[in-house]
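Trainee: I would like to go through this model and check what each term rests on.
Mentor: Ask about the terms one at a time.

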Amino acid sequence: MGQKSRNNRLFHSSIILLLVSLSAALSSPFQLQTLLPRPLPSAPTLSWHDSEPESNSLEETSQLDPLSSNTTLEVQLELHHVDALSSEDTPELLFDLRLQRDALRSGTIYSLVSKAVARNPPRAAGIPCRSPLCRSLDSSGCNQRRMCLYQVSYGDGSVTFGDFSTETLTFRRTSVGRVALGCGHDNEGLFVGAAGLLGLGRGILSFPSQTGSRFNRKFSYCLVDRSASSKPSSLVFGDAAIPRGALFTPLLTNPKLDTFYYIELLGISVGGTRVPKISPSLFKMDQDGNGGVIIDSGTSVTRLTQPAYTATRDAFRLGATHLKRAPDFSLFDTCFDLSGQTSVKVPTLVLHFRGADLSLPATNYLIPVDSSGTFCFAFAGTMNGLSIIGNIQQQGFRVAYDLAGSRVGFSPRGCA
C-alpha cells in the first residue's frame with residue numbers, strides 16, 4: 001500500500017511538473033519586432049547622379065592595366081533595379097516577373113551544381129581561338145577569322161552570343177584596361193534595354209577575379225528596399241567597400257565549382273529562440289561538393305533545404321498566430337492578410353552564420369505580394385541539398401566581399 005501511494009505521488013508530481021513546464025513554454029513571449037506594411041512598389045525611375053568631382057588624378061585620363069599596374073583603385077557606382085526598364089507594367093506584373101526570373105535562376109544554379117558534382121572540375125586555361133582565355137569558356141567557337149566566339153546562358157533565362165575580346169572599361173572617370181568580356185551580337189532576355197551585364201561571381205572571368213589586384217580583391221553592394229526608398233542601390237570596389245564594424249563569416253570553397261560564394265550557416269532563430277530541429281548538418285557541404293549554402297545577389301527568395309525550411313516556417317507560424325492568415329501565393333505557403341493595418345508585430349528572425357549573427361528587419365522576410373494587403377513569409381523550401389541566401393534577405397545590408405581575406409561581411413543600414 002505504501003509503495004502504491006508513493007507511485008501515485010510521483011505520478012501526480014510528474015503531471016504537475018509537466019503542466020508547469022508547458023505553462024512556462026506557452027507563456028514565454030516570442031521576441032517581436034514592428035512591420036510597417038507597405039504596398040508593392042511601382043517601377044522605379046531610371047536616373048543617374050554624378051557625385052564625383054570633375055577631376056581627381058591620373059585615373060581620369062589613363063587606361064590602367066589590371067595585370068601590370070601597382071596602383072590601387074576605388075570605384076563607387078549606382079545600381080538601378082531592372083524593373084526601371086519596365087516602367088509601364090503594374091506592380092503585380094513586375095512582382096510576378098520577378099518570381100519567374102527567380103525560379104529560372106534558382107533552377108539553373110541547382111543544375112550547374114549537380115553537373116559540376118557529377119564531373120571533374122574544369123581546368124582553368126585563361127583572343128584568338130587557340131588562346132587559353134578562349135579555351136576557358138564553357139561554350140566557345142571560332143569565326144572565319146579564327147577569333148574566339150562565346151555563348152552564355154544565365155540563370156534567369158537570358159542568353160548572349162558574340163565575340164570574346166578584351167576591352168578597356170571606364171567607370172565614370174576610372175578606366176581599367178585589358179578586361180576580357182563578351183561583345184554580344186545576339187542578346188535575349190534581360191539584356192533588352194540594358195547595355196550589358198557585369199559578372200560579380202567567383203569564376204576566373206568575373207570582373208572581381210580579373211581586376212582583383214587593382215581593387216585589393218574587395219567589393220561590396222547594398223541593395224535598397226524599393227518599397228521603402230527611392231534611392232538607388234550601390235556597388236563599391238576597393239578598400240572603401242569594406243565597412244567598419246561589419247560582421248564577417250568565412251568563405252568556403254566547393255572543390256567542384258568555382259562560381260558561387262559558399263558560406264557556413266549554423267542555425268536559425270525565430271522569436272528569440274533557436275529553432276531546435278535545425279542543426280549545422282542540414283547546411284553542410286560534403287567532400288563531393290553536394291549541399292552547402294551560397295549567398296547570391298541574383299536570386300530573390302531564400303531557399304532552405306526542406307527540413308530547415310519546414311522547421312523555420314512552423315516556428316514563425318507559431319509566433320504569428322495573432323495575424324490573419326491568407327491563401328498561399330505562388331511558391332509562398334505562409335501568407336497573411338494585413339489589409340487595413342498600419343503597424344503589426346511579427347516574430348524576429350536571425351540567421352546564424354559562423355562568426356556572424358544576421359538579425360533581419362521584418363521587411364526582409366514578410367513582403368507584399370499584391371496590392372490587396374497580402375504579405376508572405378519570404379522563404380521557400382527546396383528538395384535540393386543546396387540552400388541559397390537571396391537578395392530579399394540581403395536588403396539594407398552592405399554585403400562586403402573581402403576575397404583577399406576569404407570572408408564575407410554584413411553591415412546593417414549599409415545603404416545610407
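Trainee: What makes strand 2 and strand 8 a pair, and how do they run?
Mentor: This is a predicted model, where local features need pLDDT of at least 70, side-chain atom pairs count only at pLDDT 80 or more, and totals for chains, interfaces and linings use all residues. Residues are numbered from 1 along each chain as its sequence is written, and side-chain values use heavy atoms, with hydrogens and water left out. Strands are DSSP runs of E, at least two residues, numbered from the N terminus. Two of them pair if DSSP finds at least two bridges between them. Five bridges join strand 2 (residues 75-79) to strand 8, so the two count as paired; they run antiparallel. Leu-79 stands opposite Ser-233 in strand 8.

Trainee: How do you know that strand 7 pairs with strand 8?
Mentor: Strand 7 (residues 218-222) has four bridges to strand 8, again antiparallel. Cys-222 is opposite Ser-234 of strand 8.

Trainee: Why is strand 8 called mostly covered?
Mentor: Buried means under 20% relative accessible area (exposed is over 50%, partly exposed in between; 1.4 Å probe, protein chains only). In strand 8 (residues 233-237), five of the five residues are buried. Ser-233, Leu-235 and Phe-237 point one way, Ser-234 and Val-236 the other way.

Trainee: What is the pLDDT over residues 10-27?
Mentor: pLDDT is the predictor's confidence in each residue, from 0 to 100. The protein has a mean of 83. Over residues 10-27 the value is below 50. Where pLDDT is low, the predicted coordinates should not be read in detail.

Terms used
Contact = heavy atoms within 4.5 Å.
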